[in-house]
Amino acid sequence: MSLLLRKVWDSVLSRSASSSGRSLPDFPEGHPSLGAFDLIPIDVFMQILRFLGPRDAARTSLVCKSWRLLVSDNRLWIFFLQSGKEPWDCLVFAETHLRSGFPMMMYYGATSELSFMQIYGCRAMVPGSVIVDGGSGYCKYGWSKYACPSGRCATFLEFGNIESPMYARLRPFFSTIYNRMQVKPSSQPIIVVIPICHSDDTESARASRKQYREAIYSVLFDMNVPAVCAIDQAILALYAAKQTSGIVVNIGFNVTSIVPILRGKVMHEIGVEIVGQGALKLTGFLRELMQQRNISFESLYTVRTIKEKLCYVAVDYDAELQKDTEASCEVAGEGWFTLSEERFQTAEILFQPQMGGVRAMGLHRAVALCMDHCFSSEVVSDDTWFKTVVLAGGTSCLPGLPERLEKELQKLLPTYMSKGIKVLPPPYGADSAWFGAKIVSNVSTFTKAWCMSKKQFKQKTQRNPSSFIGTW
């Protein structure tokens, strides 16, 4: 400690020499004395603590009570947190909305009520986690401390066959991921992103969701994973947009799901709307349009690449038909491709499914129906919680989709429901759910509030076999 104080004092001398001639402001009246350090202006003292860094700054709090009060100043630790790798807005969202885990019993209305020194210390102790986003087309996995997913593989549905028990599919699925990441299952907690499935509020659907979660926990604990956190994909996509309530529109591989979420809970009792077309249908429709124009290509992968590079959603479909929309892109190994009306006709089947020969509800109508159910349910007195719509899934990244959906909802819904509606694009593209899991994994209370240990799993299933589904 003496060496640390000498380091502080040397910093004081060097700074006071450069600032000689200036008047030194006093500490606030009633502030405990810092001894010889009382001569230092507070702003200079705070700069010195910043220079020392979080570890040495925290150690100075052991000197005396007056130092402890100064070092615990939120402004100092906000500076240290803002200097880290995680975006400040994500950190504040996590610590003000997600600290209590699920269900959300706690909410901090202002950041001034938080001790950022304590948060910094807790976040530094949170272990890195493995994040596995099952997805509907392919799986994304990686470390929570990394900037993005480190790898991709097939979903668990590709393991075994259709008659294989859930456990028999999940065991090789998770083993493959751990082998690719070259880590032992026993070394880190894991967050499993659960795809949207069995969305009805029927007894059989609830039993299927329960069975799926139980299989995940059983497999991972049999592999000696120390702690498991399993969260619905739609909830994490909402967290990635820094929201806890709203409607998530997830355009998956085969279907599109419209999921109402209130305070981090999927409202199955209100109703999850399912539209029978997804990314695969859009790719197939573009293939048909290209074949009609005699545009040759080698595979469906080529068509998907062209869709991702050239296609968009027309805010006004009829007006777009009158424009020159021709554009080209290059696909590696196959050369250049040129599209015109196909660029916006491809995604138009989301709003006019009959164009692609699909008998389904338009996306805007399905979202409006979900909003109507939310409004009629009166689960809370606030009738604005469902007016934030968050898009998720790779296809939702198509330019123009948020603007078009918002425009259609404004036209379709009565004013008292449409007022205040906002449609948000996927904040992290196709990886939004993975990033939502990353936000959860770094919250200061992660292992305590969000994870389940093997012992807790056994106790809950033995005491009340159906209880852990609603609380974890």
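## Charges over rings

A charge sits over a ring if NZ of Lys or CZ of Arg is within 6 Å of the ring centre and within 35 degrees of the ring normal. In this predicted model, local features need pLDDT of at least 70 and side-chain atom pairs count only at pLDDT 80 or more, while totals for chains, interfaces and linings use all residues. Residues are numbered from 1 along each chain as its sequence is written, and side-chain values use heavy atoms, with hydrogens and water left out.

The charged end of Arg-50 is placed over the ring of Phe-79, 4.3 Å from its centre. Arg-404 lies over the face of Phe-351, with 4.4 Å to the ring centre.

## Aromatic pairs

Rings of Phe, Tyr and Trp (for Trp, the six-membered ring) pair if their centres lie within 6.5 Å; planes under 30 degrees apart count as stacked, over 60 as edge-to-face and the rest as tilted. Across the whole structure, 17 aromatic pairs are found. Tyr-239 and Trp-450 form an edge-to-face pair, 6.3 Å centre to centre with 80° between the planes. Both Tyr-239 and Trp-450 are buried, where buried means under 20% relative accessible area, exposed over 50% and partly exposed in between (1.4 Å probe, protein chains only).

The ring centres of Tyr-428 and Phe-435 are 4.2 Å apart and their planes stand at 10°, so this pair is stacked. Tyr-428 counts as partly exposed at 28% relative accessibility, whereas Phe-435, at 12%, counts as buried.

## A ring cluster

Trp-77, Phe-79, Phe-80 and Tyr-120 are linked into a cluster by ring pairs.
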